[in-house]
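Please open the structure in your viewer and keep the selection tool at hand. Each stop of this tour names what to select and then describes what is found there.

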Amino acid sequence: MNRKKWIVNKCDRDLAANIAENCGVDPFVAYLLVARGFTDEFLVESFLYDTDICDPFTLPDMEKACERIKSAIDEGEKITIFGDYDADGVTSTALLYSYLSGAGANVDYYVPDRAGEGYGMSISAVEALKERGTSLIITVDNGISAIEEIQKAKELNIDVVVTDHHQAGEVLPDAVAVVDPHRKDCELYFREWAGVGVAFKLVSALASCDVYDLLEAYGDILAIGTIADIVALKGENRILVRAGLAVLNEALINGTLRKGLKALIDESGATKNMTSMNAAFRIAPRINAAGRMGSAERAIKLLLTDDDSEASLLASEISEANTQRQATESGITEFAENYIENHPEIKFSKVIVVDGENWHQGVIGIVASRLCEKYGKPCIVISKAGELAKGSGRSVDGFSLYDALVFCKDILVQYGGHKLAAGMTVETDKIDEFRKKINEYAETQEDVLPVLKLDCKLNPASISLDMLSAINILEPFGAENPQPLFGLFNMKITGIQPVGSNKHIRLTVNKNGISLPVMMFSVAPEDFPFAVSDTVDLAVRLTQNEYMGEVKVSIQVKDIKLSEINDDEVQKSLVLYESFRHGDKLSVEQKQKLLPDREFCGVVYKYLRANNGSSLGEEILCYRLGLKEDKISALKVALDMFIELGVINCENGKYLLPTESKKVVLEESDIYKSLL
């Protein structure tokens, strides 16, 4: 179920006023902070102004790691950085390589091919590095689960230093040092670094100099890698990213930015002021695309090059790879959605597991993210290639995908990841068994209902550039510190205008005589279910837009619903429908709520005939029919019955009438019979 319940954060106004006065912050910003749980002055000042970065030697095994690496540098040993092909791995590799080469080390790097080798170390890669003369491997953004591979390295007289940020298993690899904040013996309060953050801690320990001097040298790629990995932008991550973006923007102004980043920013069309949002949506996807659609080495070379021509060529290649990634991702997503819609047993399962032949492994994680957003539940997308299949999953708050994979570990070849994102390898002939087992685990967990959290309600008259400027103190935005989301409630639609070759919509909404233009991106006019004169609630974000020298506040709609709709009743009705389609045992009363009688079905069918079908979505269709929210479940059942009996067709979420109508007997529907 993807219908989100809107919740507006609560705020103690008196407390917010005191914090505004005592901490010297804008009253509106203080209100937002208190609403987000910053309820005392210490928390507020730490969040806004803290600059303390912890001693890297507080991380487990850091001293052992430094001792072995310094010895290798002094003895001229061949050091290989074993990286990863995503943006976090790329920036980790570039950062550590840049430092070690500058320190005089005999160093190179190795990044496995996503399609041919997959994530992390492999026996064949270790053997290849032995042939290259490597005597010390330093992993970045991987290694914590490479038990067998590191044992093989030991047998070949190759030492390994692991730096990683993924969850540690019950057994640690037998390496010279294992630097991972998620080790059970790590007592640090903050542990949420990205892989590049852990690599930076290693460099900080090796360099033994002021950490802010190191941020001047590496803060730009540290910030981008941290943002790209979607780790929590709180605690030390917030400090590192804020400092890194400041270094990056100063270098942009001074013309001293590393050449590869400058070329990539130019290719992306990003603004002159690089924010965390610019980095997340313009820069990180391009760096990721290098490894998704070919070799990640291009992205590493881009970050390291000092040649303008090479930087321009690599940035162009990577941007083209990103375009290819988008097209490939769209094709697989469309196929997967169609498959899910035609297989109710998958669509209505607790965890959606969908598989396909030779789907591009570079994009299945993004496809999983799209499906997770669409269906409001954990989704795993698996690409089959011969006897082995590789999958990538995304989850929702409240359901740990990593724990679910641990439950299924007996039938998995390999797995790893986090609560909200994880990957796995499974034998192709065990996919159905995996689908069944992960759903068995999900049945033991509490159901998680999607929620849309709003920071506060906005008075339309209060929106201004001053408000937007005040909010900027909360930057950088990202995971666990999202860009503020505001509610504009009871707004009347007075205008609907297609823009951008009918790819987007500009709405005009009005309340109490205040008229606002708002943008809905990636919504075609024919897919917009609302009409002029509808009164709606809008979830919006505010950004700054400059056009023809004039700076204005741009209001971007992230969600929209009818003001008259009761969220609680909608979710109750949808949960009941989902339970029915999932096959749960229902009471007689629940079945009666779901079962549409002949008169009800007649009303629905007449509307569809009169309007030549519907693309409204069931919630709005229910409203147009004058039905209460608790009838949404019965409406969905009626539509399912119509589809089953061939009365209507459903394509891409739109209900269409066949060219020839036919008479049917509702009582012959299997869906109808199951509710008797």
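Begin by selecting Gly-393 and Ala-422: Gly-393 stands opposite Ala-422 in strand β11. Now extend the selection to the two strands, β9 (residues 388-394) and β11 (residues 421-427), which pair in the antiparallel sense over seven bridges. Two strands count as paired if DSSP finds at least two bridges between them. Helices (H or I, at least four residues) and strands (E, at least two) are DSSP runs, numbered from the N terminus.

This is a predicted model, in which local features need pLDDT of at least 70 and side-chain atom pairs count only at pLDDT 80 or more, while totals for chains, interfaces and linings use all residues. Residues are numbered from 1 along each chain as its sequence is written, and side-chain values use heavy atoms, with hydrogens and water left out.

How many residues does the hairpin use to join β10 to β11? The hairpin passes through three residues.

**The cavity**

Rolling a probe the size of a water molecule over the atoms shows where empty space is left. On a 1 Å grid over the protein atoms alone, a cavity is a set of points where a 1.4 Å probe fits but cannot get out, and its lining residues have an atom within 4 Å of a point. A search of the whole structure finds one cavity of 30 Å³ or more. The largest cavity has a volume of about 360 Å³; grid points are joined across faces, edges and corners, and a volume is the space filled by probe spheres set on the points.

Select Lys-350, Lys-377, Asp-447, Val-448 and Glu-578, which lie nearest the centre of the largest cavity among the 21 residues that line it. Next, select helix α20 (residues 567-582), which supplies the largest share of this lining, four residues. By class, the lining holds 10 nonpolar, five polar and six charged residues. Here Ala, Val, Leu, Ile, Met, Phe, Trp, Tyr, Cys and Pro count as nonpolar, Asp, Glu, Lys and Arg as charged, and the others, Gly among them, as polar.

**Salt bridges**

Keep Asp-447 and Lys-350 selected: they form a salt bridge, the closest N and O atoms being 2.9 Å apart. Asp-447 lies in the loop between α18 (431-443) and β12 (451-454) and Lys-350 in the loop between α15 (344-347) and β7 (352-357), so the pair ties together parts that are 97 residues apart in sequence. A salt bridge is a side-chain nitrogen of Lys or Arg within 4 Å of a carboxyl oxygen of Asp or Glu. By this rule the count comes to 38 salt bridges.

Are these two residues buried or exposed? Asp-447 is exposed, at 54% relative accessibility, and Lys-350 is partly exposed, at 21%. Buried means under 20% relative accessible area, exposed over 50%, and partly exposed in between (1.4 Å probe, protein chains only).

Move on to Lys-234 and Glu-480, whose side chains meet in a salt bridge (2.9 Å, N to O). This pair links distant parts of the chain, 246 residues apart: Lys-234 is in the loop between α9 (211-228) and α10 (235-254), and Glu-480 is in the loop between α19 (465-471) and β14 (486-499). Lys-234 is partly exposed at 34%, whereas Glu-480 is exposed at 58%.

**Buried residues in helices**

Select helix α11 (residues 259-268), where Gly-260, Leu-261, Ala-263, Leu-264, Ile-265 and Ser-268 are buried. They pack against α9, α10, α12 (276-292), α13 (297-304) and α14. After α11 comes Gly-269, whose phi is positive, near 75°.

From there, select Arg-325, which lies in helix α14 (residues 308-341). Arg-325 is buried, with a relative accessible area of 8%. Leaving aside its neighbours within four places in sequence, Arg-325 is in contact (heavy atoms within 4.5 Å) with Pro-285, Arg-292, Met-293, Val-363 and Ile-366.

**An exposed loop residue**

Finish at Thr-659, in the loop between β20 and α25. Thr-659 is exposed, with a relative accessible area of 85%.

Terms used. 1 Å grid on protein atoms, 1.4 Å probe; cavity = no way out; pocket = protein on both sides within 12 Å on 5 of 7 lines; lining within 4 Å.
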